[in-house]
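Here is a short report on one protein model. Read it alongside the sequence and the coordinates.

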Amino acid sequence: MDSIVVRGNGPLSGQIPIAGAKNACLALMPATLLSDEPLTLTNAPRLSDIRTMTELLASLGAEVTALQEGKVLATSCHGEINPVADYEIVRKMRASNLVLGPLLARLGHAVVSLPGGCAIGARPMDIHVDALAALGAEIELKDGYLHAEAKGGLKGATHEMRFASVGATENFLMAASLAKGTSVLKNAAREPEIVDLAKCLRAMGAQIEGDGTSEIVIEGKDRLHGATHPVVADRIELGTYMLAPAICGGEVECLGGRIDLLESFCEKLDAAGISVEQTHTGLKVARKNGRIRAVDVTTEPFPGFPTDLQAQMMALLCTAEGTSVLEEKIFENRFMHAPELVRMGANIDVHGGHATVHGVEKLKGAPVMATDLRASVSLILAGLAAEGETVVSRVYHLDRGYERVEEKLAGVGAHIERVKAS
Ligand code: EPZ
C-alpha cells in the first residue's frame with residue numbers, strides 16, 4: 001500500500017486546478033441506465049471511485065468509455081440490461097446504491113445489494129426504500145439484497161423524506177423522471193450535486209423544477225434521450241485545497257472554485273481569519289497575518305457546513321488560538337482522524353458527536369494512518385504545517401476522492417511525495 005510523505009515547508013503560493021465533483025459524477029453515471037441513447041459526461045474526475053462505478057455499470061450491461069485520459073466518460077445502455085447489482089462491487093462503494101432508482105425506472109425491477117456499513121457509519125437505506133415505495137415500488141430485503149419490483153411501472157406521487165438524504169434524493173429524481181404522472185419530493189436534499197443531476201436529467205428531456213430547494217417537482221416522461229453534460233466543480237476538493245494556505249500561510253488560487261458552492265464553509269474561514277476572494281478564474285485564499293482564531297463548527301445538510309469538510313477543518317483548528325468545538329450531526333462515527341491528529345501533538349477530546357479542539361502552537365510530524373477518504377486528506381493538511389516529517393499510510397482511501405493530490409500540492413510549494421509500496 002502506498003504512503004504519502006509530507007514535510008512542513010512554509011507558506012504556499014500558486015494555483016490549484018479543481019476537478020469535476022466525485023459525488024456529482026457518481027450520481028450522473030447511473031443516469032445512463034435511464035435511456036437507450038448515449039450520455040457523455042465531460043470534466044469528469046479521474047478517481048478510483050469512478051472506476052468502481054464503471055465496473056458496476058458494465059456488470060449491468062451499460063458501457064462506459066473513458067476518453068481524454070478519463071476527463072470524458074462516454075456512456076450508453078442500449079442492449080440487454082442485467083438488473084442485479086452484485087455485493088462484490090457494491091460493498092466497495094456505497095454510491096453503488098444509486099443504480100436502484102434508474103434500474104427500477106427503466107426495467108420495472110432491480111436487485112441491488114445493501115452496501116453494508118463503512119468506517120464512518122452504518123449507512124442504512126431506509127430513506128431510499130421509503131422514497132421508491134412511494135412511487136409504487138415493492139421492495140423487500142432478502143439475503144442482503146434489496147429486491148425491488150414495480151409492476152406496471154412507477155407512478156408519480158408526493159413524498160416527504162424523514163431526512164434530507166443526498167442519495168435518496170438522487171434515486172427518487174432518477175426514478176420519478178420515468179414514472180407516470182407528477183411527483184413531488186419534500187425535504188429533498190439541496191446539495192449542488194443534486195442540482196447538477198437535475199440539470200443533466202433536463203438535458204436528457206426530463207421535466208424537473210425546484211432542484212436546489214427542499215421541494216422538487218418532477219413530471220414523468222415515457223422516455224429520455226441522450227445528452228452531453230459537464231460535471232460541476234468538486235466543492236469538497238475545493239474546500240480541502242482552500243485549507244492548504246489557511247494552514248501553511250501564503251496565497252493560493254483554486255481554479256474553477258465558486259463561493260456559492262461553499263458559502264457556510266467560507267463564512268467559517270472568514271471567522272478564523274482567512275481571506276477568500278472570488279476572482280474570475282476561481283477562489284483566491286490567503287491567510288491574514290498572525291495565528292488563526294478558533295471557531296465552532298456544526299455539520300448540516302446543504303447549505304450548512306459540509307460533513308465532508310469536517311475532518312479537514314479540524315486539521316486547521318488544531319493550531320488555532322483558543323478552543324473550537326466541532327459537532328458532527330450527519331454521521332455517527334466521523335472523528336477517526338482525531339486520534340491520528342493527537343499523535344501529531346494536537347489536543348482533542350472526543351465525546352459522542354462532539355470534538356473539542358484546544359489549539360496548540362505547532363503540530364509535529366509523525367507516522368499516521370488514513371481511515372477513510374476525508375480523514376486521510378486532513379492528515380496531509382496537518383502535515384503541511386507540522387514540524388518534521390509526516391508519513392500517511394493506507395492512502396488508497398485518498399485515491400478514491402482526490403486526483404493527484406501530491407502533484408497539486410507540490411505545485412504550490414508543498415514538500416510532499418508518494419512512496420510506492422515495495
Ligand atoms: C452523500 O452520501 C455523499 N456521497 C457523502 O460523501 C456525504 O458525506 C453525504 O452525502 C452527506 O452529504 C456521495 O454523494 C457519493 P446521505 P449519502 O444519504 O448519499 C443516513 C464523501 O466523503 N441515512 O445524505 O450516502 C446516513 O447513514 C462521502 O465523499 C439513513 O439513515 O448520504 C447518514 O448518517 C462520504 N438512511 C445520513 O443519513 C438512508 O436511507 C446522510 O446520508 C440514507 C441515509
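## A buried serine

S378 is buried, with a relative accessible area of 0%. Buried means under 20% relative accessible area, exposed means over 50%, and partly exposed is in between (1.4 Å probe, protein chains only). The residue sits in helix α12. Helices here are DSSP runs of H or I with at least four residues, strands are runs of E with at least two, and both are numbered from the N terminus. Leaving aside residues up to four places away in sequence, S378 touches A311, Q312, A315, H337 and L341. Contact means heavy atoms within 4.5 Å.

## Basis of the model

This is a predicted model, in which local features need pLDDT of at least 70 and side-chain atom pairs count only at pLDDT 80 or more, while totals for chains, interfaces and linings use all residues. Residues are numbered from 1 along each chain as its sequence is written, and side-chain values use heavy atoms, with hydrogens and water left out.

## Helix α12

The setting of S378 extends to its helix. Twelve of the 13 residues of α12 (residues 373–385) are buried, so the helix is largely enclosed by the rest of the structure. The buried set is L373, R374, A375, S376, V377, S378, L379, I380, L381, A382, G383 and L384.

The protein is divided into domain 1 (3–18 + 233–419) and domain 2 (22–230). These bounds come from an automatic or database domain assignment. Taken over C-alpha atoms, the domain centres are 31 Å apart. Their contact takes 23 residues from domain 1 and 20 residues from domain 2.

The largest nonpolar core has 146 residues, and L201, M242, M313 and L409 touch the most other members. A nonpolar core is a set of buried Ala, Val, Leu, Ile, Met, Phe, Trp, Tyr and Cys residues joined through side-chain atoms within 4.5 Å. Helix α8 gives the most to this core, with nine residues. The core draws at least three residues from each of domain 1 and domain 2. In soluble globular proteins, nonpolar side chains tend to be buried together.

## Packing of α8 and α9

Helix α8 (residues 235–248) and helix α9 (residues 263–272) pack at an angle of about 10°, with their axes 11 Å apart. That makes α8 roughly parallel to α9. Axes are lines fitted to C-alpha atoms, for helices over the stretch in contact, and angles run from 0 to 180 degrees between N-to-C directions. Angles under 35 degrees count as roughly parallel, over 145 as roughly antiparallel, 65 to 115 as roughly perpendicular and the rest as oblique.

G239, M242 and L243 in α8 meet F265, C266 and L269 in α9. These contact residues divide into five nonpolar, one polar and no charged. Nonpolar covers Ala, Val, Leu, Ile, Met, Phe, Trp, Tyr, Cys and Pro; charged covers Asp, Glu, Lys and Arg; the others, Gly among them, are polar. M313 touches residues including L243, F265 and L269, with residues up to four places away in sequence not counted.

## Backbone details in loops

The peptide bond from F302 to P303 is cis, with omega near 10°. P303 lies in the loop between β18 (297–298) and α10 (310–317).

Phi of N43 is near 55°, a positive value in a residue other than glycine. N43 is in the loop between β3 (39–42) and α2 (48–60). N43 is partly exposed, with a relative accessible area of 25%. R404 has a positive phi of about 50°, although it is not a glycine. R404 lies in the loop between α13 (396–399) and α14 (405–410). R404 is partly exposed, at 34% relative accessible area.
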